There are 4 protein chains.
Amino acid sequence: MQTAWCLTASCPDKPGIVARVSGFIADHGGTIVEASYHSDQVTGWFFMRHEIEPQTLPIGMEDFVSQFEAIAVEFGMQWQLNDSAQPKRVVLMASRESHCLADLLHRQHSGDMNFTVPCVISNHESLREMVEWFGVPFVHMPVSPDTRAEDLGRTVALFDEYRADVVVLARYMQILPPEACRQWFGRVINIHHSFLPSFAGARPYHQAYDRGVKLIGSTCHYVTDVLDAGPIIEQDTVRVSHRDTVQRLVRMGRDIEKNTLARGLRYHLEDRVLIHGNKTIIFD
Amino acid sequence: MQTAWCLTASCPDKPGIVARVSGFIADHGGTIVEASYHSDQVTGWFFMRHEIEPQTLPIGMEDFVSQFEAIAVEFGMQWQLNDSAQPKRVVLMASRESHCLADLLHRQHSGDMNFTVPCVISNHESLREMVEWFGVPFVHMPVSPDTRAEDLGRTVALFDEYRADVVVLARYMQILPPEACRQWFGRVINIHHSFLPSFAGARPYHQAYDRGVKLIGSTCHYVTDVLDAGPIIEQDTVRVSHRDTVQRLVRMGRDIEKNTLARGLRYHLEDRVLIHGNKTIIFD
Amino acid sequence: MQTAWCLTASCPDKPGIVARVSGFIADHGGTIVEASYHSDQVTGWFFMRHEIEPQTLPIGMEDFVSQFEAIAVEFGMQWQLNDSAQPKRVVLMASRESHCLADLLHRQHSGDMNFTVPCVISNHESLREMVEWFGVPFVHMPVSPDTRAEDLGRTVALFDEYRADVVVLARYMQILPPEACRQWFGRVINIHHSFLPSFAGARPYHQAYDRGVKLIGSTCHYVTDVLDAGPIIEQDTVRVSHRDTVQRLVRMGRDIEKNTLARGLRYHLEDRVLIHGNKTIIFD
Amino acid sequence: MQTAWCLTASCPDKPGIVARVSGFIADHGGTIVEASYHSDQVTGWFFMRHEIEPQTLPIGMEDFVSQFEAIAVEFGMQWQLNDSAQPKRVVLMASRESHCLADLLHRQHSGDMNFTVPCVISNHESLREMVEWFGVPFVHMPVSPDTRAEDLGRTVALFDEYRADVVVLARYMQILPPEACRQWFGRVINIHHSFLPSFAGARPYHQAYDRGVKLIGSTCHYVTDVLDAGPIIEQDTVRVSHRDTVQRLVRMGRDIEKNTLARGLRYHLEDRVLIHGNKTIIFD
């Protein structure tokens, strides 16, 4: 995989943004591998993403950043420049269910996805052996009903300690403290085992079974301090029938959960997700 | 299309039901074209559907019914016997949106689906010309805010007048009176333009847009006196993106609405739907 | 629907194209509603599409064209500028099956899609009544085995006579002459009732049934002089099972045929399709 | 998971089969958990599957078999009775790609699927470490171009040695000898990385890329001595676009490959697949 610089930006829309940014890159002789733009007609906001080949540029990242800053200021941009040669550090969290965690660890291990795992945090011991086989530190952080606040506080403190770029709740069954959700907004990704907004909260497959839906779903979203209500990154559904018991829904759901989470995380890792209010732009 | 008798039944589950019913048919030399069974392990209820070739039976429908009644009583069955040679009478209702209505009328007209349309009822005049081209009586029943109860009462009275077997709300934008919903339970089919239970009620595409979901859906269900909460017959979803405005969601939704409604209605017309509490068994 | 100018172009890729084109639009103060770019890394070719609000430009189309020509020459572009205020003229062709034709006529009639229909051409009489109800001229052009070449020659001559921008074979069961396919390349759209390249040619549902596939499909593609081998615009599949006879496959297939054709045609009408060799770029 | 006996049978269709079989079970007081029937109208063949609770029967498996044999003879049935308490022995084969193998091993290990793995056979060494972590013997059987026939002969001999009930080619990149395909017909399952019959043979994602299809697929099928032409168990597709390079197709394909293979294998393990000529009945 060749490395690329990924430049993402958003700002109030007005004529000339693309001309200015692509002109800046062209003036340096930079080759654009992929370019995506979106203009939101309702909010009047503009979004863009460029993948640039760094070898085609005569300047380093520091110079690029300082020169681009002038454009960013001119248009009032929020922006980021990431180098894909620096894979993101992903702290994975899980409880007892192993399918999402095993899937992500295997993808990382086999080179299917490009990230590093500084550690896996779990409130149970049961997944330690699997995690350690992958050569990843396993941190057991129990959470007990009586000391939940302190336990979760200590858990969340690990995000900084392990220098996480992003945290993935890979079927982690605890609710993070609201202040942590706010502090880490846009950097904590959850997989919820329903097609949100239906069946938020506990036991979504039981809720789906009771309602008699004909498709079940899964939702990958950013965590906020409102449960299962954050910006949605990716969703999927699969057909079920009256023959499917709750146990079968749980089993069928695992397959879409792990794929939905992997797709959502990949978008995030490749800087394809721009958050706008409670929604996302996905430049896939 | 060859005609068939369709026998559907449900009862408390116990050993010997299939043996008894299939033995009864076999003893008369009847050929079973299609047989489906379902045993609900949670509620202990049993469901079945047989399609029988009537020419292979030495007895007529009346004799079949009176003889089968003994078995039905023995097992405490709710049951039905329908002859596909008698297409069901479907009263269609619509407001201004034409896509579902046009689709069903075309399917009926071209022989894609087997039913008759005694009339189309609408609270607007705009679809008259199209309906009358199909040779179907168009009944304009305006509903005004001030006289809603009386207007809808007169509207609902037409179901009996036109001897409806089933009523289809093909994007009919009025809510039927609760007592009509109860009286016609299991015989009024609605298409809702969201993946229920998400986005019940008004303007579901606007709700979906605001929530930023990555798939939109449609739901075909039986109408009850709780809005958009009746037993679900069929659902479908389609992928959308940040590029899709509300107007585009509305447009993309039309395609799954009409197909979801057509599939759900077909199941109903072919006696493939058995209602159980607030859920359905679909013997497709 | 607001009108827009749609500018599409393709050329050998090199740095600076986007900067140049978007700079040109920005210099005139033009507002870009939607912009899409694609750089094909394998062939080194570049593709783009802009939707521009014409009211924001101080110049008319003629001036825009003559000024843009300089850029086009500089980069070796093939390009087009279309005004959505001039809906394309679509000649529809069908044989006996009505579902695709009825669907497109209804979409046009109800405003779901933006085009005009100068005429429907059919080698049978059976769809005349339906077509004429929509106020569209119906031209019966029989094709007999003995005089096929002349018959089809006369048929194809109508494309010019009715000043077609695009021709849609909405389940038209004759093969157009090779020279017509070449002359009209990129302007004749077919719906094939299989997931190509599987089951090209005659009776694809029978082929699918015999092979025992678990999904059936449909393919919307540009017609070339090699049967069912032209550039694919859109495809879809639907799940089937051992219970589905050929007749049921045919029936289930109709629903994806008409939606696949409608989506493919819409892409074409909105200038979202760029042909590259035997493949398409779809800026949806 | 409760254990069940699974009785599958097929025979020429005639009235009375269901009555006879269900009567036999009912006479012994047996509880049927799940019953499925299919009558193929084209070939006049009948198929059935029963899941029976063994605790509800007063007789053991041996007696059941000998008594049922009379019915089987009467109707000319091919039939099987399997006890889910005896999980099938699945020999897994792979080459270098790990995603399908890792997925199946994880499913087995975590209890998601019910089978045992006597060994994994590979023509490469690269997956040994992963396999052995799961506590499964890894057998390296290199296949060299010069000694292919002997190498594959020795490889195939392992199926018996390890008493395989079923062999799964989880992206095993060698073609088994024709005589082995015939001897093991119905017991060797392959995952092919295309939507067959399109793109059989080598490098299907390259073929798909070159053809410009808008969906890619995967096919789980029984192996026969004609390459990629055996009875299809399960298939799936996923949408792709002009933005997807061959490398991206390969990557997106992995996700449907592993899920399609897992679903197909599950059907086989639960005796839900009945082979009929070159097609399958799937009682899901």
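The legends below describe close-up views of a predicted model.

**Figure 1. Contact surface between chain D and chain A.** In this predicted model, 23 residues of chain D are in contact with 23 residues of chain A. The two chains bury about 1900 Å² between them, and 42% of this area lies on carbon and sulfur atoms. His106(D), Trp133(D) and Arg251(D) together supply 28% of the area that chain D buries against chain A, more than any other three residues.

Figure 2. Lys258(D) forms a salt bridge with Asp103(A), in which the closest N and O atoms are 2.8 Å apart. On chain D, the elements that give two or more residues to the side touching chain A are α3 (99-109), α4 (128-133) and α8 (246-269). Helix α8(D) gives the most, with 7 residues. By class, the side of chain D that touches chain A comprises 15 charged, 5 polar and 3 nonpolar residues.

**Figure 3. Contact surface between chain A and chain B.** Here 34 residues of chain A are in contact with 34 residues of chain B. Chain A and chain B bury about 2900 Å² between them, with 51% of it on carbon and sulfur atoms. Of the area that chain A buries against chain B, 25% is supplied by Arg211(A), Lys214(A) and His242(A), more than by any other three residues.

Figure 4. The interface of chain A and chain B holds 4 salt bridges. Arg239(B) forms a salt bridge with Glu234(A), the closest N and O atoms lying 3.0 Å apart. The elements of chain A that give two or more residues to the side touching chain B are β2 (31-40), α7 (204-211), β12 (232-239) and β14 (279-282). Strand β12(A) gives the most to this side, with 7 residues. By class, the side of chain A that touches chain B has 14 nonpolar, 11 charged and 9 polar residues.

Figure 5. Helix α1(C), residues 17-27, is mostly covered, with 8 of its 11 residues buried. The buried residues are Ile17(C), Val18(C), Ala19(C), Val21(C), Ser22(C), Gly23(C), Phe24(C) and Ile25(C). Their cover includes elements from two chains: α1 (17-27) and β2 of chain A, together with β1 (5-12), β2 (32-40), β3 (45-52) and α2 (61-75) of chain C. Just after the helix, Gly29(C) takes a positive phi of about 75 degrees.

Figure 6. Ser218(B) is found in strand β11(B), residues 215-222. This serine is buried, its relative accessible area being 0%. A polar atom of the Ser218(B) side chain lies 3.4 Å from the backbone oxygen of Ile256(B). Leaving aside residues up to four places away in sequence, Ser218(B) touches Ile191(B), His192(B), Ser194(B), Phe195(B), Glu234(B), Gln235(B), Asp236(B), Ile256(B), Glu257(B) and Thr260(B).

Key: Residues are numbered from 1 along each chain as its sequence is written. Chains are lettered from A and ligands numbered from 1 in the order in which they are written. This is a predicted model: local features need pLDDT of at least 70, side-chain atom pairs count only at pLDDT 80 or more; totals for chains, interfaces and linings use all residues. Side-chain values use heavy atoms; hydrogens and water are left out. Contact means heavy atoms within 4.5 Å. Buried area is the accessible area (1.4 Å probe) that two parts lose on being put together, summed over both. A salt bridge is a side-chain nitrogen of Lys or Arg within 4 Å of a carboxyl oxygen of Asp or Glu. Helices (H or I, at least four residues) and strands (E, at least two) are DSSP runs, numbered from the N terminus. Ala, Val, Leu, Ile, Met, Phe, Trp, Tyr, Cys and Pro count as nonpolar, Asp, Glu, Lys and Arg as charged, and the others, Gly among them, as polar. Buried means under 20% relative accessible area, exposed over 50%, partly exposed in between (1.4 Å probe, protein chains only). A polar contact is a pair of N or O atoms within 3.5 Å; within protein, one must be able to donate a hydrogen and the other to accept it, and residues adjacent in sequence count only if both atoms are side-chain atoms.
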